[in-house]
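Here's a quick briefing to read with the model open beside you. Take it topic by topic and click along as you go.

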Amino acid sequence: MVAEFEIKTKQLIDSLKGICASYGLGNDGNEFKIITQAFLYKFLNDKFAHELKKANKTIANAQKWEEAFKALSDDDREMLSLQLGADTAILKPEHLISHLYNRQNEADFAKLFDDTLREIAKQNNDIFAVKTDGGTKITLFEQNGLSNFISDESKRDSFCKAIINKVADFSLESIFNQKYDFFATIFEYLIKDYNKDSGGKYAEYYTPHAVAKIMAAILVTGDVKNVSCYDPSAGSGTLLMNIAHAIGEDRCTIYSQDISQKSSNLLRLNLILNNLVHSISNIIQGNTMLHPFHKENNNLKKFDYIVSNPPFKMDFTDFRDDLDTKENKERFFAGIPKIPAKKLESMSIYSLFLQHIIYSLKANGKAAVVVPTGFITAQSGIDKAIREYLIEKKMLGGVVSMPSNIFATTGTNVSIVFIDASNKEDVVLIDASNLGRTVKDGKNQKTVLQPEEEQQIIDTFNNKVQVEDFSVVVSYDDIKTKNYSFSAGQYFDVKIEYVDITKDEFDAKMKSFSDNLEAMFSESKELEDEIKKQLVGLVYGQ
């Protein structure tokens, strides 16, 4: 049944993309808005039906639940809405897909379609709106209407009719008892075309599941409840979804910030799919470095868990000097990158995110951050100062250096730094660069870890196991003596193989070496003589 619904759901997504292509919006910059919002409308409609039927037997037993719901008085519908889960959008009878389906042949259907989505967004704004760092609310659906993406006004009605016919085709109700893995698959499929090079910057919003799974499994051990999880560069939320799933969606509250409105909308969708609607009000669209939003008692909020795959390089010259203030001295304890004379786009913004994360951790908090592997061995500047801080404060859990091309969209080698203020003893350093197999991903090559390899990394780290040429367990003092290097390879033993041989065997080997040398010297003399002969034979002008 689950596999069948996964196929049907993916077919629905493909159908919506087909509609966009038919109306000239295939690979258009706005296509993802149409796909994700049409799917979201379908999801919210069917979730509403699912919750209604759980709360009211009459509606559950009705041949057409929509008619039974419509037949209730306004007061009864309002009372019923109070019994629904807090993560359920509240809809009126005229908001339902069936209502629009029955009116699709009326004039100005596109306006009715757009108005319906706007009304749903307005009615559920308190729960489903994402905020900017300035406090402006970004509503659930496009305020300009989805039909306005069609430039030819005469085709807007038929475009909206095509969408409503597709989303009315089957019900998602029976999948709402599914868990994270099902919806993670659906979410990935929903945005997969916007996570490749052809999708432009959407690729930045996605972290491979292997990386996300490893980070969550190492960070979350034992029974955890009532904790806060934060990502200051959240993208579409893959890291947050994984850690929330590891903890339990009802045992944690998500906080995030990301400069991109597109990624914040994708993250909101991810939260809705994964029973984390209660955290949507904590999703902030804005510049985390310049305007960190989450605060407590006028100070930056501290978190139990932080996960992040921040941008590595970016030109931030336009606000670099605004960061260099007395108020930020403690947050950016290792310094702020200077503006270079050229290659402004190569400014190491990840070092700011890493410092912000360290500063935003609770005293007993844990964090996992993806960094370029060059960070773990750099011998000067801000990178080394951050490493020294982590060692001197004894707050490093360990480091995992990943295989190259684990991210298909970048050739940069990455490592995961695990920060853990409770770890006062040994540190685990893992070199996983030789794991995985190479596969083709569009035009790119990427490395894919097998499930057993993911588990190998997780078990080795959590159990602090030393494995030859793979992992080392070292003290903070060991790391100091290695100039604060976090690279496992620098701690591996240098192996020199000794072989016992007799005197006769030694003499035979030495004679063999000597004979080979004599032969090479003889050949060299012949070659030398031949070259001299050729030189003598050379005549000027020929």
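The buried residues of H11 pack against helix H12 (238-247), E8, E9, strand E11 (414-420) and helix H17 (451-462). Keep in mind that this is a predicted model. From that helix we'll go to the sheet, then the cysteines, the cavities and a few single residues.

**Helix H11**

- If you want to pick them out, the buried residues of H11 are Ala-210, Val-211, Ala-212, Ile-214, Met-215, Ala-216, Ile-218 and Leu-219.
- Two of the packing partners of those buried residues, E8 and E9, turn up again in the sheet, where they pair with each other in the parallel sense.

**The sheet**

- What order do the strands of the 11-stranded open sheet take? Reading across, it goes E2-E1-E5-E4-E3-E8-E9-E11-E10-E12-E15, and the pairing is mixed.
- At the edges sit strand E2 (137-138) and strand E15 (471-474), each of which pairs on one side only.
- As a reminder, strands of a sheet pair through backbone hydrogen bonds, either parallel or antiparallel.
- Strand E3 (residues 227-231) runs parallel to strand E4 (residues 252-258), and 5 bridges join the two. Here Val-227 stands opposite Cys-252 in E4.
- E3 also runs parallel to E8, this time with 2 bridges joining them. Look for Tyr-230, which stands opposite Ile-306 in E8.
- E8 in turn pairs with strand E9 (residues 361-372) in the parallel sense, over 5 bridges. Ile-306 has Ala-367 as its bridge partner in E9.
- How many of the 6 residues of E8 are buried? The count is 6 of the 6, so E8 is largely enclosed by the rest of the structure.

**Cysteines**

- A disulfide is a covalent bond between the sulfur atoms of two cysteines.
- How many disulfides does the structure hold? The tally is 0.
- Cys-20 is in no disulfide, and the nearest cysteine sulfur, that of Cys-160, is 11 Å away. Cys-20 is buried, with a relative accessible area of 0%.
- Cys-229 is in no disulfide either. Its nearest cysteine sulfur belongs to Cys-252 and lies 4.5 Å away, whereas a disulfide needs the two sulfur atoms within 2.5 Å. Cys-229 counts as buried too, at 1% relative accessibility.

**Cavities**

- Rolling a probe the size of a water molecule over the atoms shows where empty space is left.
- There are 5 cavities of 30 Å³ or more, and the largest cavity holds about 110 Å³ of space.
- Which residues line the largest cavity? They are Phe-32, Lys-33, Thr-36, Gln-37, Leu-40, Leu-140, Asn-265, Leu-266, Arg-268 and Leu-269.
- Helix H2 (31-55) and helix H13 (261-273) are the elements that give two or more residues to this lining. H2 supplies the largest share, 5 residues.
- Sorted by class, the lining of the largest cavity has 5 nonpolar, 3 polar and 2 charged residues.

- Ala-68 lies in helix H4 (residues 65-71). It is buried, with a relative accessible area of 17%, which is under the 20% cut-off.
- Ala-68 is 10 residues from Thr-58 in sequence, and the two are 7.4 Å apart in space, C-alpha to C-alpha. Beyond its neighbours within four places in sequence, Ala-68 is in contact with Ile-59 and Ala-62.
- Lys-301 sits in the loop between strand E7 (299-300) and strand E8 (303-308). Is Lys-301 buried or exposed? Lys-301 is buried, with a relative accessible area of 11%.
- Leaving out neighbours within four places in sequence, the contacts of Lys-301 are Tyr-255, His-294, Lys-295, Glu-296 and Ser-360.
- Glu-345 is in the loop between helix H14 (317-323) and helix H15 (350-359). This residue is exposed, with a relative accessible area of 52%.
- Glu-345 and Lys-313 are 32 residues apart in sequence but 6.3 Å apart in space, C-alpha to C-alpha. With neighbours within four places in sequence set aside, Glu-345 is in contact with Lys-313, Met-314 and Asp-315.

Note on methods:
Residues numbered from 1 in each chain as written. Predicted model: local features only at pLDDT ≥ 70, side-chain atom pairs only at ≥ 80, totals over all residues. Heavy atoms only, no water. Helix = DSSP H or I, 4+ residues; strand = E, 2+ residues; numbered from the N terminus. Buried < 20%, exposed > 50% of the residue type's maximum accessible area, 1.4 Å probe, protein only. Contact = heavy atoms within 4.5 Å. 1 Å grid on protein atoms, 1.4 Å probe; cavity = no way out; pocket = protein on both sides within 12 Å on 5 of 7 lines; lining within 4 Å. Points joined across faces, edges and corners; volume = space filled by probe spheres on them. Nonpolar A, V, L, I, M, F, W, Y, C, P; charged D, E, K, R; others polar. Pairing = 2+ DSSP bridges.
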